[in-house]
Amino acid sequence: MEVIDFHSHILPSLDDGSKDIDMSLEMLRRSKEHGITTIVATPHFYADSNTINHFLKKRKHALEKIENRLDFSAPAIVAGAEVCFFSGIGHADGIDKLCIGRTKLILLEMPFRAWSEKDLYEIERLLNGGITPIIAHMERFYPFQKDKQLIPALLDMPVLIQLNAECLLHWKQRRQAIKLFKSGQAHLLGSDCHNLTDRPQNLLEGRKVLEKKIGQQCLNQIDQLGVSLLREDI
Ligand SMILES: [Fe+2]
């Protein structure tokens, strides 16, 4: 059985995630203990302070560092990025280079503010260009939305919705997350792990909640979808 963590900051010294190679290796060890077989490495990408080519060069270097130091059978790592939304992303040059592995999927971090129709138009442009956004930790954006129509409008688009395991661990957020998975509006789970302490690997705890509240079939569905999305990379 494949268990995929779709959102993580395990690569060393690239963003506010793992601070060095030793922390990365420990994060991988913990991920293995959580039963994860594949982990998508999604360092933050900010278009206002980085170029795509520079980002890719640094990411490659970080992946090589891990490869050179691995002395246990760690989860497979698939390279991706958590791309911070920017105006013009829908038609930005080379944006497809930030897709996960060999897929046409991009992990997109929406803005932490009230969204507008214009923002959703950017998503439409990505879709029209053949790229499917995975909306990162969708649960974190609800409190910012004044126009209550925009969330349903986004959920109706052919995008994928990723939730952080974290939201299943708090009773306040849990209800909404479970509703989204139950209704088929949430598709993927990620740990969004950044370190070993305050933002650790927690996918297993989140999965246990889903199993208890919805049933094993919910996990099977998540895992099967994950495998079908990454089939060329795992
Ligand atoms: Fe993240």
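Helices (H or I, at least four residues) and strands (E, at least two) are DSSP runs, numbered from the N terminus. This is a predicted model: local features need pLDDT of at least 70, side-chain atom pairs count only at pLDDT 80 or more, and totals for chains, interfaces and linings use all residues. Residues are numbered from 1 along each chain as its sequence is written, and side-chain values use heavy atoms, with hydrogens and water left out.

**Exercise 1. Place Ala136 in the fold and list what it touches.**

Solution. 
Step 1. Look at the loop between β7 and α4 (150-156); Ala136 is found there.
Step 2. Check its accessibility. Buried means under 20% relative accessible area, exposed over 50%, and partly exposed in between (1.4 Å probe, protein chains only). Ala136 has a relative accessible area of 0%, so it is buried.
Step 3. Find its contacts. Contact means heavy atoms within 4.5 Å. Leave aside neighbours within four places in sequence: Ala136 then touches His7, Glu82, Leu107, Leu108, Glu109, Phe141 and Gln162.
Step 4. Compare sequence and space. Ala136 and Ile161 are 25 residues apart in sequence, and their C-alpha atoms are 6.8 Å apart.

**Exercise 2. Which strands form the open sheet that contains β6, and in what order?**

Solution. 
Step 1. Know the rule. Two strands pair if DSSP finds at least two bridges between them.
Step 2. Start at β6. Three bridges join strand β5 (residues 82-84) to β6, and these run parallel. Glu82 has Leu107 of β6 as its bridge partner.
Step 3. Go on to β7 (residues 132-135). Four bridges join β6 to this strand, again parallel. Here Leu105 stands opposite Thr132.
Step 4. Follow the chain from β6 to β7. The path passes through helix α3 (residues 117-128), and this β-α-β crossover is right-handed. Right-handed means that, with the strands pointing away from the viewer, the path from the first strand over the helix to the second runs clockwise.
Step 5. Two bridges join β7 to β8, which run parallel. Ile135 stands opposite Ile161 in β8.
Step 6. Write the order. Six strands form the open sheet β3-β5-β6-β7-β8-β9, with parallel pairing. The edge strands are β3 (44-45) and β9 (188-190), and each pairs on one side only.

**Exercise 3. Why is strand β6 largely enclosed by the rest of the structure?**

Solution. 
Step 1. Recall the pattern. In a regular strand the side chains alternate between the two faces of the sheet.
Step 2. Take one side of β6: Leu105, Leu107 and Glu109 are buried.
Step 3. Take the other: Ile106 and Leu108 are buried too.
Step 4. Conclude. Five of the five residues of β6 (residues 105-109) are buried, so the strand is largely enclosed.

**Exercise 4. Find the buried side of helix α3 and what covers it.**

Solution. 
Step 1. The expected span is 1.5 Å times one less than the number of residues. For the 12 residues of α3 this gives 16 Å; the end C-alpha atoms are 16 Å apart, which agrees.
Step 2. List the buried residues of α3: Asp119, Leu120, Glu122, Ile123 and Leu126.
Step 3. Recall the geometry. An α-helix has 3.6 residues a turn, so residues three or four places apart point the same way.
Step 4. Turn to the other side of α3. Glu117, Lys118 and Asn128 are exposed there.
Step 5. Name the cover. For the buried residues of α3, it includes β6, β7 and α4.
Step 6. Look just past the helix. Gly130 takes a positive phi of about 90 degrees.

**Exercise 5. Which residues of helix α2 are buried, and which on the face turned away are exposed?**

Solution. 
Step 1. Check the span. α2 (residues 52-69) has 18 residues and reaches 26 Å from its first C-alpha to its last, close to the 26 Å expected.
Step 2. Pick out the buried residues of α2: Ile52, Phe55, Leu56, Arg59, Ala62 and Ile66.
Step 3. View α2 down its axis. These residues fall within an arc of 125 degrees, so they line one face of the helix.
Step 4. Turn to the face pointing away from the buried side of α2. Lys57, Lys60 and Asn68 are exposed there.
Step 5. Find the packing partners. The buried residues of α2 pack against α1 (21-33), β3 and β4.

Key: Arc of directions from axis to C-beta.
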